[in-house]
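The entries follow in the order of the look-ups.

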Amino acid sequence: MRVYLDNNATTIVDPHVFAEMEPFFVQNYGNPNSLHSFASDTHPAIKQAMEKIYAGIHAPREDSVIVTSCATESNNWVLKSIYFQYILTGRKNHIMISEVEHPSIIATAKFLESMGCRVTYLPINHEGLIDAQTVRDNITDKTALVSIMWANNETGAIFPVEEIGDICGEYNVLFHTDAVQAIGKTPVDVQSFNVDYLTFSAHKFHGPKGVGALYMKKGKELIPLLHGGSQMGGYRSGTLNVPGIVGMGKAMEQAIDSLDFEMSDVREMRDAFEDELLKIEDTFVVTPREKRTPNTILISFRGIEGESMLWDLNRAGIGASTGSACASEDLEASSV
Ligand SMILES: Cc1ncc(COP(=O)(O)O)c(C=O)c1O
């Protein structure tokens with residue numbers, strides 16, 4: 001038997017999600033922008049899927065949800081767009097992220113640094129958490145954007161995004177959150193606090209790989225990512241990924257429907273498993289359970305090298321990770 005313990009890297013596509021997607025590969029394969037019935041046959045499913053996606057994050061219709069190819073794209077896009085809008089034009093010169101963001105934020109911030117942008121990397125405390133006060137302490141009148149993830153992919157630590165968003169609102173600074181690890185694990189409601197941009201990715205909540213999204217509040221701006229056609233309101237041209245959109249819609253609906261199960265049953269199973277692991281000598285966890293997403297355990301085994309343990313676990317048929325999958329070819333310790 002093989003055991004999969006790497007759901008923060010990716011999840012299995014739910015069979016119901018796959019079933020909804022399938023017709024859009026082999027029957028309703030028309031380009032939605034064409035002018036015949038092969039095209040119009042795809043429209044109801046796209047509309048329905050987008051409604052489910054909007055509903056999943058409580059986005060009102062006047063806001064935008066732009067479908068992308070993944071969260072890495074959404075994260076790169078929002079930071080680079082801020083660079084074009086604010087840094088390059090000299091209006092502002094500073095962005096703020098945490099030191100434990102996903103590599104798609106950290107590497108993009110480092111790239112912008114090389115282009116002249118000042119970047120503050122906020123530290124985490126001994127529990128792997130961020131103190132919202134550090135955001136307030138580091139904002140200047142030149143700060144264009146704060147980007148802090150909702151939940152960390154390695155520790156599961158849930159960051160105080162509501163509080164941070166409200167601080168950003170107070171200072172008129174744009175706020176982006178990478179909510180990849182939050183969807184389906186904790187309630188996500190973009191109307192319940194101040195947030196301008198929000199990233200998510202379908203393959204983290206039992207949807208297909210190759211489809212994600214960037215939410216943008218009404219009245220905010222993005223530099224178009226892909227020029228060409230008029231798809232996605234002209235922000236991201238290219239023929240729509242119809243099966244991907246349909247799959248993300250269904251996966252979002254199911255993620256929201258199973259949120260209670262995740263927060264109760266999955267949490268219980270996680271806690272029981274963690275209790276057993278902690279009986280092993282010289283083990284410890286960093287972030288307290290109640291401050292973590294319900295599915296995540298980051299456990300340290302003192303004196304044991306992570307990579308060698310992964311090999312041993314793999315030989316025993318157990319898939320786990322020591323860090324972000326996107327940095328797994330890099331044997332350096334993760335910043336988390
Ligand atoms: C917090 C976080 N952000 C972004 C990503 C990137 O997601 P994608 O694979 O859709 O590019 C991941 C995936 O590991 C993640 O965990």
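**Entry 1: domains.** The domain bounds I use come from an automatic or database domain assignment. I note at the start that the model is predicted. For the protein chain, the assignment gives domain 1 as 3–13 + 259–327 and domain 2 as 21–256. I looked up the contact between them and found 24 residues from domain 1 and 27 residues from domain 2 taking part. The centres of domain 1 and domain 2, taken over C-alpha atoms, are 26 Å apart.

**Entry 2: the interface.** I then took the buried area. Domain 1 and domain 2 bury about 2,100 Å² between them, and 54% of that area is on carbon and sulfur atoms. I counted 15 residue pairs in polar contact between domain 1 and domain 2, with both residues at pLDDT 80 or more. For salt bridges between domain 1 and domain 2, the count is one.

**Entry 3: helix H5.** How many residues of H5 are buried? I found 14 of the 17, so the helix is largely enclosed by the rest of the structure. H5 covers residues 71–87. From its first C-alpha to its last, H5 reaches 23 Å, close to the 24 Å expected at 1.5 Å a residue.

**Entry 4: salt bridges.** Side chains of opposite charge can pair when their charged atoms come close. I counted 16 salt bridges in the model, and I wrote down several of them.

I recorded Glu20 with Lys250, where the closest N and O atoms are 3.8 Å apart. Glu20 lies in helix H1 (residues 15–21) and Lys250 in helix H9, so this pair ties together parts that are 230 residues apart in sequence. I checked the accessibility of both partners: Glu20 is partly exposed at 29% relative accessible area, whereas Lys250 is buried at 15%.

I recorded Lys47 with Glu51, whose side chains meet at 2.9 Å, N to O. Both residues lie in helix H4 (residues 43–56), four residues apart, about one turn of the helix. Lys47 is exposed at 53% relative accessibility, and Glu51 is partly exposed at 40%.

I recorded Arg315 with Asp312, with 2.7 Å between the closest N and O atoms. Both sit in helix H11 (residues 306–315); being three residues apart there, they are separated by about one helical turn. Arg315 is exposed at a relative accessible area of 67%, and Asp312 is partly exposed at 46%. I also noted a network: salt bridges that share partners join Arg270, Asp271, Glu274, Asp275, Arg289 and Arg292.

I recorded Lys291 with Glu127, whose side chains meet in a salt bridge of 3.2 Å, N to O.

**Entry 5: His94.** Is His94 buried or exposed? I found it buried, with a relative accessible area of 0%. His94 belongs to strand E3 (residues 94–98). Its side chain makes a polar contact of 2.8 Å with the side chain of Thr143. I listed what His94 touches, leaving out residues up to four places away in sequence: Ile87, Arg118, Val119, Thr120, Asn138, Thr140, Lys142, Thr143, Ala144 and Leu145.

**Entry 6: Gln181.** Where is Gln181 found? I placed Gln181 in the loop between strand E6 (174–178) and strand E7 (197–201). I noted that Gln181 counts as buried, at 4% relative accessibility. A polar atom of the Gln181 side chain lies 2.9 Å from the backbone oxygen of Asn8. Leaving aside neighbours within four places in sequence, I found Gln181 in contact with Asn8, Ala151, Asn152, Asn153, Lys204 and Thr293.

**Entry 7: Gly233.** I looked up one more loop residue. Gly233 sits between strand E8 (212–216) and helix H9 (242–257). I noted that Gly233 counts as exposed, at 69% relative accessibility. I took one distance from Gly233, to Ile66: the two are 167 residues apart in sequence, and 8.2 Å apart in space, C-alpha to C-alpha.

Terms used:
Residues are numbered from 1 along each chain as its sequence is written. This is a predicted model: local features need pLDDT of at least 70, side-chain atom pairs count only at pLDDT 80 or more; totals for chains, interfaces and linings use all residues. Side-chain values use heavy atoms; hydrogens and water are left out. Helices (H or I, at least four residues) and strands (E, at least two) are DSSP runs, numbered from the N terminus. The expected span of a helix is 1.5 Å times one less than its number of residues. Buried means under 20% relative accessible area, exposed over 50%, partly exposed in between (1.4 Å probe, protein chains only). Contact means heavy atoms within 4.5 Å. Buried area is the accessible area (1.4 Å probe) that two parts lose on being put together, summed over both. A salt bridge is a side-chain nitrogen of Lys or Arg within 4 Å of a carboxyl oxygen of Asp or Glu. A polar contact is a pair of N or O atoms within 3.5 Å; within protein, one must be able to donate a hydrogen and the other to accept it, and residues adjacent in sequence count only if both atoms are side-chain atoms.
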